[in-house]
Structures are given as C-alpha cells and as structure tokens.
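Welcome! Here is a short briefing to read alongside the model. Take a look at the structure first, and then follow the points below.

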Amino acid sequence: MEVKIGVQHAPREIVLESGQSPEEVERAVADALAGKSQLLSLVDDHGRKVLVPADRLAYVELGEPTTRKVGFSAL
C-alpha cells in the first residue's frame, strides 16, 4: 500500500510503498500520536525502515498501491 507522510517544517512529503496492512500502519500512527511511542516506524517494500518523530507528524495518507504500466500500447 502507498503511504504518504507529511512532516512539519519539511518541504516534501515522504512517500513509500509498504507491505504492511492498512490496520498495522493505522495502529502505528495512532500509537505515535497517542504518545505510546516517540517515533512512527514503518517498513517499505525494500525492507528499509522509515522513522519519523511523532511530534513532527503533519498528516499520514493511506492509499492503494500504485500499479506500474510496463510495455507499449497501440494507439
């Protein structure tokens, strides 16, 4: 699934494709915002961990995975 994270005082958002379920991502965001953890920690499809300080979160947008079109099409 595609996850977009807005960070306060940062000009660009963080965009990643995560293999985590929407429920897992939502739970991680809720825990960070509730103060249960100081960092929002997510793992992308390549196994890289993305850490964002909870007090710097502006927004988190959850979406469907983007499909990449490969090949040529007849016009």
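Strand 1 and strand 5 run antiparallel and are joined by 6 bridges. Strands here are DSSP runs of E with at least two residues, and helices are runs of H or I with at least four, both numbered from the N terminus. This is a predicted model, where local features need pLDDT of at least 70 and side-chain atom pairs count only at pLDDT 80 or more, while totals for chains, interfaces and linings use all residues. Residues are numbered from 1 along each chain as its sequence is written, and side-chain values use heavy atoms, leaving out hydrogens and water.

**The sheet**
- Ile5 has Val60 as its bridge partner in strand 5.
- An open sheet of 3 strands has the order 2-1-5 with antiparallel pairing, where two strands pair if DSSP finds at least two bridges between them.
- Strand 2 (14-17) and strand 5 (57-63) each have a single partner strand, so one side of each edge strand has no neighbour in the sheet.

**The core**
- The largest nonpolar core has 15 residues, and Val3, Ile5, Val25, Leu40, Leu42, Val52 and Leu57 touch the most other members.
- Such a core is a set of buried Ala, Val, Leu, Ile, Met, Phe, Trp, Tyr and Cys residues joined through side-chain atoms within 4.5 Å, with buried meaning under 20% relative accessible area (1.4 Å probe, protein chains only).
- Strand 1 (2-7), helix 1 (22-34), strand 3 (39-43) and strand 4 (49-53) each give two or more residues to this core.
- Helix 1 provides the largest share of this core, 4 residues.

Notes
Buried < 20%, exposed > 50% of the residue type's maximum accessible area, 1.4 Å probe, protein only.
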